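Hi there,

Here is the structure I promised to send over.

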Amino acid sequence: MCGIVGYIGHRQAFPILIKGLHRLEYRGYDSAGIAILQDKIKLYKTKGKVSDLEELVKGENLSGNIGIAHTRWATHGEPNNENAHPHLSPSGDLALIHNGIIENYAILKKELLKRGHVFLSDTDSEVLVHLIEDIMINDKVTLVEALQIALGYVIGAYAIIILSRNNPDLLLAAKKGSPLVIGIGKDEFFIASDATPIVEYTKDVVYLKEEEIAILERNKDLKLITVSNQEKRPYIEQLEMSLSELEKEGFPYFMLKEIYEQPRSIRDSMRGRLNAEKGIVSLGGIIDYEKNLVNAKRILIIGCGTSWHAGLVGKYLLEDLARIPVEVEYASEFRYRNPVICEGDVVIAVSQSGETADTSAAIELAKSKGAIILGICNVVGSSITRVTHAGTYTHAGPEIGVASTKAFTAQVTILTLLALRLGYIRGTIQESRYRQLLFELETIPEKVEQTLKTFDIIKNISNIFKDSKNFIYLGRGYNFPVALEGALKLKEISYIHAEGYPAAEMKHGPIALIDEEMPVVVIATNKGTYQKVLSNIAEVKSRKGKIIAIVTEGDVAVKKIADFVIEIPETEEMFVPLIATIPLQLLSYQIAVIRGCNVDQPRNLAKSVTVE
Ligand code: G6P
């Protein structure tokens with residue numbers, strides 16, 4: 001995790017770097033720091049958020065047009081001032097910021113300690129900057145050469161930027177495992193963990209590849225070399241992101257804005273891919289591998305967190321419509337458990353950020369065993385999109401709130417389209433049913449829009465349950481993953497313990513927890529196992545639990561026994577997750593707001609988990 005940003009050019013670096021840090025704060029917010037080159041390196045860093053750093057530097061002279069800055073999600077060393085980046089070399093001539101983990105830092109540190117190095121922090125990153133300077137001095141090589149040699153020793157993942165007092169017209173950056181993007185302006189370079197700090201200055205970007213080093217020199221063209229000293233030609237791409245996508249646009253939090261964006265983001269995910277009138281579903285990005293999917297003996301879906309939940313909805317959809325067996329795996333488990341991958345298996349990796357370390361490692365493992373890997377990612381150009389054989393973007397637009405909302409519904413939308421497409425080609429859905437489903441799918445954005453109107457009712461419910469210590473979420477069939485996702489959202493942003501459970505499994509354990517203090521959120525829409533869920537609700541009621549039910553508009557039976565109901569528009573059972581998730585997102589949001597939690601940046605979490 002961690003966000004890193006650098007600038008070299010003719011403008012003042014400080015405002016660019018601070019704005020960049022704010023944009024990258026979703027990647028971690030344990031500490032923040034900045035280094036600007038004047039006649040020496042001016043360094044400021046502090047525990048806390050970017051706003052704490054701004055407070056710290058108030059009144060300081062930070063003029064200069066070359067600098068680097070960092071926002072941290074702690075891995076090695078607790079979040080404190082010393083462990084905040086940038087880290088300096090022993091002479092103070094080099095400053096380094098780092099995103100990733102140097103796995104063999106302890107061995108390297110031991111060696112350096114023997115040679116008299118003194119460390120001020122507990123971080124792996126400080127070891128790297130010491131190592132680079134040590135090599136420069138002892139091997140009498142240039143900074144670039146020392147960097148190449150040092151990175152040759154390093155095991156692990158890194159995205160780093162280095163500022164050098166003795167090279168005032170130079171920034172160096174290098175990448176392995178963690179992402180880095182370079183923005184190319186007129187006589188200036190921007191560099192950051194993702195494109196959000198860059199987009200307002202230039203649309204020309206280069207995504208660094210594995211083990212590449214970027215040499216950013218004032219008034220010179222970008223130069224790329226590898227750790228093993230091969231020259232590379234920069235491949236310049238155009239950013240599609242717009243600045244307005246990165247602003248709150250009047251909403252108090254990004255999360256609320258992103259919840260309200262879902263009618264649009266779901267529509268954007270379908271755009272050009274669904275034409276109900278003509279009976280067409282097409283996913284252009286994976287067309288070359290469609291045959292592999294159609295003939296797949298098994299599909300494996302891998303992901304983490306909310307993306308795993310989307311994968312679970314995908315399993316239900318693909319098995320239901322395309323009749324292909326599907327397994328959904330936590331990437332972190334999959335990568336370490338010697339999984340069976342057979343010829344004819346297709347792996348689908350689901351990831352909003354496209355950077356999740358466990359998902360990337362699971363992809364590498366499946367690839368090494370010969371599987372075809374397809375991706376469903378949101379962030380254009382992200383690492384996972386570069387290592388999969390093919391993929392489909394979700395087109396949800398940048399998601400900044402750490403708790404995922406619109407990315408989830410976009411992922412489910414793509415999986416729905418995929419299941420419909422495969423079911424149609426495989427002949428496992430009748431033509432008339434297929435057509436009917438396409439028309440219904442087209443109405444979903446409107447129905448999501450309508451569902452957002454439940455916010456007032458949800459505000460009342462939130463006031464009543466804001467102090468609850470625990471919640472249970474229940475759902476069956478397609479609504480089981482919705483229950484899991486609802487519980488995860490509440491945990492993430494309001495810090496209330498919540499469990500998602502298959503409604504009927506409740507009687508095998510969680511029922512013991514139910515008393516008059518326990519709110520139970522039940523997704524009880526009118527299709528599938530509706531009658532069975534009614535019985536599950538009765539079981540909770542008879543133990544005095546409080547029922548908050550998500551029901552289909554016009555419902556009578558649940559209304560009679562539930563304490564609170566939230567009505568959502570009727571749709572096909574398989575499309576309910578796209579709608580029923582919305583009130584659960586709003587419920588967790590509102591409870592978190594009332595409890596005074598930082599909704600967009602919940603404690604201990606980060607949006608892009610580039611460490612395992
Ligand atoms: C983190 C985020 C979650 C996200 C998960 C997987 O834990 O806080 O919101 O679901 O990572 O991330 P990905 O980018 O792979 O979807």
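A word on terms before the findings: a residue is called buried under 20% relative accessible area, exposed over 50%, and partly exposed in between (1.4 Å probe, protein chains only). Please keep in mind that this is a predicted model, where local features need pLDDT of at least 70 and side-chain atom pairs count only at pLDDT 80 or more, while totals for chains, interfaces and linings use all residues. Residues are numbered from 1 along each chain as its sequence is written, and side-chain values use heavy atoms, with hydrogens and water left out.

Let me start with the salt bridges (a side-chain nitrogen of Lys or Arg within 4 Å of a carboxyl oxygen of Asp or Glu). The structure holds 34 of them.

One joins Lys406 and Glu261, with the closest N and O atoms 2.7 Å apart. Lys406 sits in helix H13 (residues 406-426) and Glu261 in the loop between helices H6 (254-260) and H7 (262-270), so this pair ties together parts that are 145 residues apart in sequence. Helices here are DSSP runs (H or I, at least four residues), numbered from the N terminus. Both Lys406 and Glu261 are buried. They also belong to a network of salt bridges that links Lys257, Glu261, Arg264, Asp268, Arg271 and Lys406.

Asp134 and Arg115 form another salt bridge, at 2.7 Å from N to O. Asp134 is in helix H4 (residues 124-139) and Arg115 in the loop between H3 and H4, so the parts tied together are 19 residues apart in sequence. Asp134 is buried at 11% relative accessible area, whereas Arg115 is partly exposed at 47%.

Now to the ligand. There are 14 residues around it, and Ser307, Ser351, Gln352, Ser353 and Thr356 come nearest; a residue counts as near if one of its heavy atoms lies within 4 Å. Helix H9 (residues 305-322) gives the most to this shell, with 3 residues.

A polar backbone atom of Thr306 is 3.0 Å from an oxygen atom of the ligand. Taken alone, the ligand exposes 390 Å², and the protein buries 90% of that (Shrake-Rupley method, 1.4 Å probe).

Best wishes

Note on methods: A polar contact is a pair of N or O atoms within 3.5 Å; within protein, one must be able to donate a hydrogen and the other to accept it, and residues adjacent in sequence count only if both atoms are side-chain atoms. Helices (H or I, at least four residues) and strands (E, at least two) are DSSP runs, numbered from the N terminus.
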